[in-house]
Protein chains: 2
Amino acid sequence: MDIQLKRGLLDVCVLAAIRDEDSYGYQIIKDMQPYIKMSESTLYTILKRLELSEMLTVRTAEHGGRLRKYYHITEAGIRRIEEFKEDWKEILSIYRFVTKEDTNA
Amino acid sequence: MDIQLKRGLLDVCVLAAIRDEDSYGYQIIKDMQPYIKMSESTLYTILKRLELSEMLTVRTAEHGGRLRKYYHITEAGIRRIEEFKEDWKEILSIYRFVTKEDTNA
DNA sequence: CGCAATACTTCGTGATACGATGTATTACGT
DNA sequence: ACGTAATACATCGTATCACGAAGTATTGCG
């Protein structure tokens, strides 16, 4: 998919991936794989950004002797998803503008 | 609307604005206004980019003593719109992933 | 012992939307 | 005649951001 098209989707996708249950980087990538692919460097950059903007909180936990950083969505993160749903109406109107065939004979 | 969300839409929107009829910068902005707002600097940057990638051709014409640059979509430009329609399927699947409520429990 | 998988991090690069600013002309009100 | 808005296009600098490359470290398997 066009890289520019992905940009607005990535943040909100990551939030959606931790919405129902806390998760960690490696798992998030795997969960999103069927929908949208992203490299590790991209994901960790996004997670850092979402943490800075307080869309999620981080907690470090040990799992099998290895450290994992678990991410938990905040109220602001949930609102961010809601805002995306609002934006979606505009996106749809743009989609119609772009795809509408020229029906003037 | 979220600026990142607009990124993937802008190019294809501009192409859609000249699809049925050649147009020029100032007019394009006005035509797209109801759907998506962009500054002049953004539009002219995009037009330059689309010209470089041969999605459109340019012709300068005089109109009321003033010069106008008219933009004409190419075959590649039309294909670009078709590719967007293909991408749309992926976008929809992402949208569903993001908006689906947690129905477990 | 070596290699894949897991897990996270850092760095540099290229793309790009935008505000600010500039140039020039036409049109309109007073 | 004068000033202001509208039309029309261009350039520059900045901030944001996705990505590949590369690195660190551990677990687990053959």
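**Questions about a two-chain model**

Colleague: Why does A:Glu54 count as exposed?

Modeller: A:Glu54 has 57% relative accessibility. Exposed means over 50% relative accessible area, buried means under 20%, and partly exposed is in between (1.4 Å probe, protein chains only). A:Glu54 is therefore called exposed, at 57%.

Colleague: Before we go on, what should I know about the model itself?

Modeller: This is a predicted model, in which local features need pLDDT of at least 70, side-chain atom pairs count only at pLDDT 80 or more, and totals for chains, interfaces and linings use all residues, while side-chain values use heavy atoms, leaving out hydrogens and water. Residues are numbered from 1 along each chain as its sequence is written, with chains lettered from A and ligands numbered from 1 in the order in which they are written.

Colleague: Thanks! Where does A:Glu54 lie in chain A?

Modeller: A:Glu54 is in the loop between α3 (40–52) and β2 (56–63) of chain A. Those names refer to DSSP runs, numbered from the N terminus: helices are H or I with at least four residues, and strands are E with at least two. The phi angle of A:Glu54 is near 60°, a positive value in a residue other than glycine.

Colleague: What is the phi of B:Glu54, and where does that residue lie?

Modeller: Phi of B:Glu54 is near 60°, again positive in a residue other than glycine. B:Glu54 lies between α3 (40–52) and β2 (56–63) of chain B, in the loop. B:Glu54 has a relative accessible area of 57%, so it is exposed.

Colleague: How many helices and strands does chain A have?

Modeller: Chain A has four helices and three strands. Along the sequence they follow the pattern α-β-α-α-β-β-α.

Colleague: How does the radius of gyration of chain A compare with that of a compact globule?

Modeller: Chain A has 17 Å, whereas a compact globule of 105 residues would be near 13 Å. The radius is taken over C-alpha atoms, and the globule rule is 2.2 Å times the number of residues to the power 0.38. The C-alpha atoms of chain A fill a box of roughly 70 × 25 × 20 Å, taken along the principal axes. Of the 105 residues in chain A, 44% are buried.

Colleague: What makes B:Lys85 count as buried?

Modeller: B:Lys85 has 19% relative accessibility, so it counts as buried. This lysine lies in helix α4 of chain B. Not counting residues up to four places away in sequence, B:Lys85 touches A:Thr99 and A:Glu101. Contact here means heavy atoms within 4.5 Å.

Colleague: Why is A:Arg80 called buried, and what does it touch?

Modeller: A:Arg80 is called buried because its relative accessible area is 14%. It is part of helix α4 (residues 75–99) of chain A. Setting aside residues up to four places away in sequence, A:Arg80 touches A:Asp11, A:Val12, A:Leu15, A:Met55 and B:Asp2.

Colleague: What makes A:Tyr71 buried?

Modeller: A:Tyr71 has a relative accessible area of 5%, so it is buried. This tyrosine is found in strand β3 (residues 66–73) of chain A. Leaving aside neighbours within four places in sequence, its contacts include A:Ile18, A:Tyr24, A:Tyr44 and A:Leu56. A:Tyr71 and A:Leu15 are 56 residues apart along the chain, and their C-alpha atoms are separated by 9.4 Å.

Colleague: Is B:Leu10 buried or exposed?

Modeller: B:Leu10 counts as buried because its relative accessibility is 11%. Its place is in helix α1 (residues 3–19) of chain B. Beyond neighbours within four places in sequence, B:Leu10 is in contact with B:Ile36, B:Met38, B:Thr42 and B:Ile46.

Colleague: What about B:Glu101, buried or exposed?

Modeller: B:Glu101 has a relative accessible area of 52%, so it is exposed. This residue is found in the segment after α4 (75–99) of chain B.

Colleague: How much area do chain A and chain B bury between them?

Modeller: About 3500 Å², with 68% of it on carbon and sulfur atoms. Buried area is the accessible area (1.4 Å probe) that two parts lose on being put together, summed over both. A:Tyr35, A:Phe97 and A:Val98 supply 20% of the area that chain A buries against chain B, more than any other three residues. The contact takes 34 residues from chain A and 34 residues from chain B.
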